[in-house]
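The entries follow in the order I checked them.

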Amino acid sequence: MVSLWRAAVGVIQKAEDDYDGVEFWSNPERTGWLTKQGEYIKTWRRRWFVLKQGKLFWFKDSNVNRFSRPRGVIPVNSSLTVKGAEDILFNKRFPFELSTDSETMYFVADSDKEKEEWINSIGRSIVQQSRSVTDSEVVDYDCNGKRRIGSNV
């Protein structure tokens, strides 16, 4: 209701003021559909995800622009691991997990290839945000979330 009032009187908060100035609608590192388990009510919902500058945003639909409001955001720099979750979610195909020191979030991709691409993209973002490697190092992650570094990747 407050948002409607702000829109009516012209006090619209700009999207670039939120989320540490990350312009999630412009040139994201990765986008795509994933199924995410809810935080409180553990139902599974299909959401559009956008990874950019160490943040993983999710939306109800894929039409993301500067006026879109994310349904949520995960600061990837606070994440410790990203890896396959077949051993935990054995009844789901192509699951993976993203863990912080306080919680573990579960996602399901549409294919094994997409699952591995998401694990790699999020893994790279964790490393970039932690600044634990230099830009000249090649970093990749296998399907179990283990980091592989080197020219033979």
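Which backbone atom lies 2.8 Å from a polar atom of the side chain of Ser-68? I looked it up in this model, which is predicted, and found the backbone nitrogen of Asn-65.

I then placed Ser-68 in the fold. I found it in the loop that runs between β3 (55–59) and β4 (72–75). I read a relative accessibility of 11% for Ser-68, so I noted it as buried, the limit being under 20%. Setting aside neighbours within four places in sequence, I listed Phe-24, Phe-59 and Asn-63 as the contacts of Ser-68.

Next entry: salt bridges. I got a count of five. I looked at Glu-117 and Arg-30, whose closest N and O atoms are 3.0 Å apart. Glu-117 belongs to helix α2 (residues 112–130) and Arg-30 to strand β1 (residues 30–37), so this pair ties together parts 87 residues apart in sequence. I noted Arg-30 as buried at 17% relative accessibility, and Glu-117 as partly exposed at 28%.

Glu-117 also forms a salt bridge with Lys-113, with 2.7 Å between the closest N and O atoms. Both lie in helix α2, four residues apart, about one turn of the helix. I marked Lys-113 as exposed, at 58%. I recorded Arg-30, Lys-113 and Glu-117 as linked in a network of salt bridges.

Last, I checked Asp-112 and Lys-115, a salt bridge with its closest N and O atoms 3.6 Å apart. They are three residues apart in helix α2, about one helical turn. Asp-112 is partly exposed at 35% relative accessibility, whereas Lys-115 is buried at 3%.

Technical notes
Residues numbered from 1 in each chain as written. Predicted model: local features only at pLDDT ≥ 70, side-chain atom pairs only at ≥ 80, totals over all residues. Heavy atoms only, no water. Helix = DSSP H or I, 4+ residues; strand = E, 2+ residues; numbered from the N terminus. Buried < 20%, exposed > 50% of the residue type's maximum accessible area, 1.4 Å probe, protein only. Polar contact = N/O pair within 3.5 Å; in protein donor to acceptor, adjacent residues only side chain to side chain. Contact = heavy atoms within 4.5 Å. Salt bridge = Lys/Arg side-chain N within 4 Å of Asp/Glu carboxyl O.
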